[in-house]
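Please keep the structure in view while reading.

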Amino acid sequence: MTDTAYPGAVTPDREHHIDAIGVRLAIHEWGDEQADPLFLVHGGFDFARTYDVFAPLLAAAGWRVIAWDQRGHGDSEHAALYSWDGDLRDAMIVMDHFTDRPAPVLGHSKGGAMMIQLADAQPFRFSHLINLDGIPYKRTIPDVAEHERTRMLVSDLTGWLDHRRATASASRKPGTIEELARRRARTNPRLPFEWLSYLVRVGGREDPDGWRWKLDPTMRFGGFGPWRPEWTITRLPGLPMPFLGILGEQLEEMSWGTLPEHVAPYLPVGGRCELIRGAGHFVHIEQPHRVAEMVIDFLRDGRSAA
Amino acid sequence: MTSVRFLTHNKVRLALHELRASDAGRPLLLLHGLGESSFDHVPVWAHNWPGAVHALDFTGHGGSTVPLGGGYAAEILLADADVALAALGECTVVGRGLGAYVALLLAGARPSLVRGAVLCDGPGLAGGAVAPTSQSFFVLPAAQRAPDPYALFELSRDLRPPDYATTFVRLALEGSAMREPIAVAAIVRPPWLAAVVDQVGVTTATIDEALRAFASA
């Protein structure tokens, strides 16, 4: 079924939930149910239906495209706890639900970085790995004096803890579709306003006092922890499956600023990394046809090589 | 006679036990180790503490909520402890094992409210590695009982780089009015704690010595 709210956007052919040890995860599928599965993993603060234009292009090439809303995102349940490891475990449960054979997996942004770690830990699940602008390689440290950096860290810490103290009664700020789209444009500045408005309709809900994103209000940007970006890229060289990285050239709020020359020394044998000139972090939304074509070609090559 | 009250942290009800009531002096907040729960009495080393004595059950432990689906991190337990701090006001904190690590994070994150943190031996003191490992991931059967198996699994392997831990020492020292806001009573010193001990603002002492010093600070 075609959703006419945005050109090329297609409502998933099938939508359902699965239980991930007590957390209900929303599944969205495009394409023939009997076709081979291809998993799409969304980025942080996104949701599966951000693939509404991109996924149907892959489905049209003969794949059963399966995406899920990570816990707390989209139509999935708001959990008590969120963590990187929890998200990886949920991914395993989704994959196990659909297949016991290696399958191709594509991840964008945080979803891409997560899948690098899962591919390293459990390579038997992956026939191919595609990463869309999700290869963190170094922390972007502002060029400021040490005492200023400490002040920023204190601000991050207290801001996060103050937020946690208030999460029990937190709710997302309501607004019109246009207001929510404008807010999202702050972190997605290159994407068309019409697309962002479409995202509000599929990623938000309309309450009596206005629209709200479905995203769990306990989640917020920033934060802190022991994780370091370089821990992701150092997992790349050992990956045994065919690997394709696709990076956006234009830096923006959500980008890691990673370029092919940063990735090149870490590429696994036979892997490659391409740069999409003129595109930002959301390469598959800015240039869906081109990126889909690259993915389909990559998967076709991999199949014929196998 | 002990009593318990419940605090809310997101979707979790946290059990905060009052082991000894007192209006005098500063409260003492006890943080248990991994897989433990709060003491049901004032431990002998805290008998001489001049104020009230409280003990918190972390998420997934003791009388606190055991959530479904895991997702634990030391930083979430830091937020648990911070919710207790919000309820109690300025405290001295004693942590065992995992609770010692959380006490350090709390001392750095809320230096004006934590008047001394004592880091003691106990379950979960070491935590995980100091850098990424080849550890895999596993789905555990659902078991909604305390201690939550996911807490045991995830919090026993959380990464603890020494320079991350020492950042919290620096924050504690910069934000505290005390000269030495952290006391290490632990005999065993995993890498993160060995790095902490070497920092300015950290002293080594027995629990008794540390509490005596903090009681008058």
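In this predicted model, 32 residues of chain A and 31 residues of chain B make up the contact between the two chains. On the side of chain A that touches chain B, α2 (84-98) and α4 (146-166) of chain A each supply at least two residues.

**Chain A side of the contact with chain B**

- The element that gives the most to this side is α4(A), with eight residues.
- Sorted by class, the side of chain A that touches chain B holds 18 nonpolar, nine polar and five charged residues.

**Domains of chain A**

- The domain assignment of chain A gives domain 1 as 14-139 + 226-305, and domain 2 as 150-213.
- Between the C-alpha centres of domain 1 and domain 2 of chain A the distance is 23 Å.
- In chain A, 13 residues of domain 1 are in contact with nine residues of domain 2.
- The side of domain 1 of chain A that touches domain 2 of chain A has four nonpolar, four polar and five charged residues.

**A helix pair in chain B**

- Helix α1 (residues 74-88) of chain B packs with helix α2 (residues 98-109) of chain B at an angle of about 65°, and their axes are 9 Å apart.
- The crossing in which α1(B) passes α2(B) is right-handed.
- From α1(B), the contact takes Ala74(B), Leu77(B), Leu78(B), Ala81(B), Asp82(B) and Leu85(B).
- From α2(B) come Tyr101(B), Val102(B), Leu105(B), Leu106(B) and Ala109(B).
- By class, ten nonpolar residues, no polar residues and one charged residue form the contact of α1(B) with α2(B).

Technical notes
Residues numbered from 1 in each chain as written. Chains lettered and ligands numbered in written order. Predicted model: local features only at pLDDT ≥ 70, side-chain atom pairs only at ≥ 80, totals over all residues. Contact = placed C-beta atoms within 7 Å. Helix = DSSP H or I, 4+ residues; strand = E, 2+ residues; numbered from the N terminus. Nonpolar A, V, L, I, M, F, W, Y, C, P; charged D, E, K, R; others polar. Domains from an automatic or database assignment. Axes fitted to C-alpha atoms, helices over the stretch in contact; angles between N-to-C directions. Left-handed = near helix turned anticlockwise from the far one by under 90°.
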